[in-house]
Protein chains: 2
Amino acid sequence: MSILFCSDSEDPAPWRDAIAQALPGMPFRVWPDAGALEDVRYALAWRPQPGALARLPNLRAVLVLGAGVDSVLSDPALPLDLPVLRLVDAGLVEPMAAYALLAVLYFQRRAGAYLRQQAHAVWQPREQLPPARWPVGVMGLGTIGRVVAQRLAANGFPVRGWSRTPKHLDGIETFAGRERLAAFLAQSRVVVSVLPLTAQTAGILDATAFAAMPEGSYLVNIGRGDHVVDGDLLAALDSGRLAGAMLDVFREEPLPAAHPFWRHPRVVVTPHVAAPTVAADAQAQVVENIRRLERGEPPTGLVDRSRGY
Amino acid sequence: MSILFCSDSEDPAPWRDAIAQALPGMPFRVWPDAGALEDVRYALAWRPQPGALARLPNLRAVLVLGAGVDSVLSDPALPLDLPVLRLVDAGLVEPMAAYALLAVLYFQRRAGAYLRQQAHAVWQPREQLPPARWPVGVMGLGTIGRVVAQRLAANGFPVRGWSRTPKHLDGIETFAGRERLAAFLAQSRVVVSVLPLTAQTAGILDATAFAAMPEGSYLVNIGRGDHVVDGDLLAALDSGRLAGAMLDVFREEPLPAAHPFWRHPRVVVTPHVAAPTVAADAQAQVVENIRRLERGEPPTGLVDRSRGY
């Protein structure tokens with residue numbers, strides 16, 4: 001029996017150490033040096049090679065090293081009955097809420113305009129609306145979205161929320177379903193997306209969505225890059241429909257050097273840092289889940305594969 | 001009897017309208033077209049010409065059009081017994097707290113580093129400490145400083161406060177007096193100054209202060225430009241002692257185009273917008289104070305001229 005680490009982008013070393021300390025005697029291998037495939041009982045995966053997990057006949061569970069599981073579920077070869085576990089919080093929520101707040105304040109306080117002015121030594125105060133006149137719409141109202149919404153509201157911004165299925169949040173008006181999306185967007189001076197990536201949400205931030213947003217509004221994307229139709233966003237920025245965007249996630253990461261987002265004067269690019277996984281929390285969660293599975297207890301973070309999160 | 005508007009930088013028109021509506025029959029004049037000097041009973045002042053107020057023999061009070069009164073008190077000709085009234089809050093506090101939070105998040109989340117990277121299409125996540133390991137020091141614990149401190153604490157930052165005289169704030173460690181300044185600074189990863197400008201605080205942010213701050217720390221100045229010794233700040237930035245500064249106030253405003261702050265890669269310049277005076281609130285306060293003085297009642301915002309605020 002062994003644990004197999006399946007990721008080309010993540011460093012296996014800290015995970016090897018954590019497993020060796022917490023589960024001594026459990027062999028730790030790193031794909032493609034998997035040893036005997038039939039020995040692998042657990043896979044720790046982040047963007048695994050498509051098809052790799054399907055080659056492990058005795059795999060009991062995939063433990064995804066993040067909150068988003070789209071890079072695992074998108075593998076068409078993934079056995080349908082294989083349990084997929086995701087990280088729950090693991091220190092992800094607080095940094096996401098703080099990133100969203102920073103982005104909203106950045107736009108509301110005209111920071112981008114002042115940085116552009118500074119490049120030319122221009123002293124020019126800009127009109128600035130108070131938070132009370134700066135409604136923010138949060139797309140996605142799960143564990144992360146709820147905290148994002150509450151954090152923004154606590155800092156004086158009127159907040160509305162949208163999700164696929166109806167949700168209730170104290171003090172926050174919520175909209176549900178695709179048919180209410182335009183009404184939600186029309187009232188949002190900034191839209192913050194923390195949606196999970198599913199077949200229903202891929203490409204949801206497209207020309208139709210941007211056309212529904214108020215003239216001169218802003219987009220903050222800390223969900224997944226595939227939510228955004230890049231060309232539609234660029235067109236909306238160039239037409240003035242959108243006044244700016246702060247983007248942390250992209251269809252291809254690292255964002256290719258030739259991508260126009262890098263050079264667009266109204267786009268801020270950050271390198272997928274809204275929620276750096278806090279290693280110690282994440283490792284403790286993965287170890288605890290392996291222990292639970294070994295004891296036959298229910299694990300945390302079991303993904304509903306029909307929903308996709 | 002008349003009201004005289006004394007400012008070269010502010011627009012008198014909205015004040016004329018507000019006074020005409022609230023105090024009909026009270027002549028409103030704009031310096032230097034003051035009419036008969038002995039008729040002037042109240043002066044509305046923002047950076048008045050030095051010596052101007054001393055020429056008004058029957059002046060009952062100076063109503064300063066902001067929270068900071070240094071530009072009025074610095075006039076050596078100002079009669080010693082003339083009451084000086086400042087705006088109290090008038091919507092100043094909330095924007096100051098939000099600006100401080102934006103600045104602290106900007107530095108803690110490495111926004112400046114990511115903007116510099118973006119200019120070269122560089123995708124490179126940076127080390128980022130959580131708010132719990134990012135202590136912020138607030139200098140000045142009056143009406144504004146208290147709210148700034150509480151807002152930062154509510155967003156997860158450990159906050160300490162410094163003031164000239166001892167103050168108590170729930171949940172916030174406070175330091176008082178010049179002899180405790182170095183100990184306060186040594187524990188602050190970001191120092192946010194909202195101090196009033198007095199003889200005791202002018203030049204307080206100098207080489208000695210920066211040397212007491214931790215290596216790689218940050219400065220946010222939303223007090224007054226004269227608190228900072230500009231050359232000392234530039235030297236501290238260039239030596240790496242300070243990692244960055246966000247400055248909203250300057251010794252000379254507008255900041256001269258040749259000033260090195262404009263071009264320094266680790267300085268963010270904003271054009272004195274941390275607390276745009278909310279015109280309607282400010283006008284209501286000034287009108288109410290004139291009414292109180294006319295009725296012989298105590299006004300709000302009376303400045304203790306021995307303290308300077």
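Which residue is the bridge partner of A:Tyr218 in β11(A)? In this predicted model, the partner is A:Gly244.

## The parallel sheet

The bridge between A:Tyr218 and A:Gly244 belongs to the pairing of strand β10 (residues 217-221) with strand β11 (residues 242-247) of chain A, which runs in the parallel sense over 5 bridges. These strands are part of an open sheet of 7 strands in chain A, ordered β8-β7-β6-β9-β10-β11-β12, with parallel pairing. From one strand to the next, the twist averages 15 degrees.

Helix α3(A) packs on this sheet and touches β6, β9, β10, β11 and β12 of chain A. The direction of α3(A) makes about 155 degrees with that of β11(A).

## Helix α5

Helix α5 of chain A spans residues 143-154, 12 residues in number. The distance from its first C-alpha to its last is 17 Å, close to the 16 Å expected at 1.5 Å a residue. Its buried residues are A:Ile144, A:Gly145, A:Val148, A:Ala149, A:Arg151 and A:Leu152. They lie on the same side of α5(A) because they cover an arc of only 165 degrees around the axis. An α-helix has 3.6 residues a turn, so residues three or four places apart point the same way.

The elements covering the buried residues of α5(A) include α3 (93-108), β6 (136-139), β7 (159-163) and β9 (190-193) of chain A. Just after α5(A), A:Gly156 adopts a positive phi of about 95 degrees.

A:Asn289 is located in helix α10 (residues 279-294) of chain A. Its relative accessible area is 3%, and A:Asn289 is therefore buried, the cut-off being under 20%. When residues up to four places away in sequence are not counted, A:Asn289 touches A:Leu63, A:Leu85, A:Pro299 and A:Thr300.

A:Ser306 lies in the segment after α10 of chain A. With a relative accessible area of 68%, A:Ser306 is exposed. The side chain of A:Ser306 is joined to that of A:Asp304 by a polar contact of 2.6 Å. A:Ser306 and A:Thr198 are 108 residues apart along the chain, and their C-alpha atoms are separated by 9.6 Å.

Technical notes
Residues numbered from 1 in each chain as written. Chains lettered and ligands numbered in written order. Predicted model: local features only at pLDDT ≥ 70, side-chain atom pairs only at ≥ 80, totals over all residues. Heavy atoms only, no water. Helix = DSSP H or I, 4+ residues; strand = E, 2+ residues; numbered from the N terminus. Expected span 1.5 Å × (residues − 1). Buried < 20%, exposed > 50% of the residue type's maximum accessible area, 1.4 Å probe, protein only. Arc of directions from axis to C-beta. Contact = heavy atoms within 4.5 Å. Pairing = 2+ DSSP bridges. Axes fitted to C-alpha atoms, helices over the stretch in contact; angles between N-to-C directions. Polar contact = N/O pair within 3.5 Å; in protein donor to acceptor, adjacent residues only side chain to side chain.
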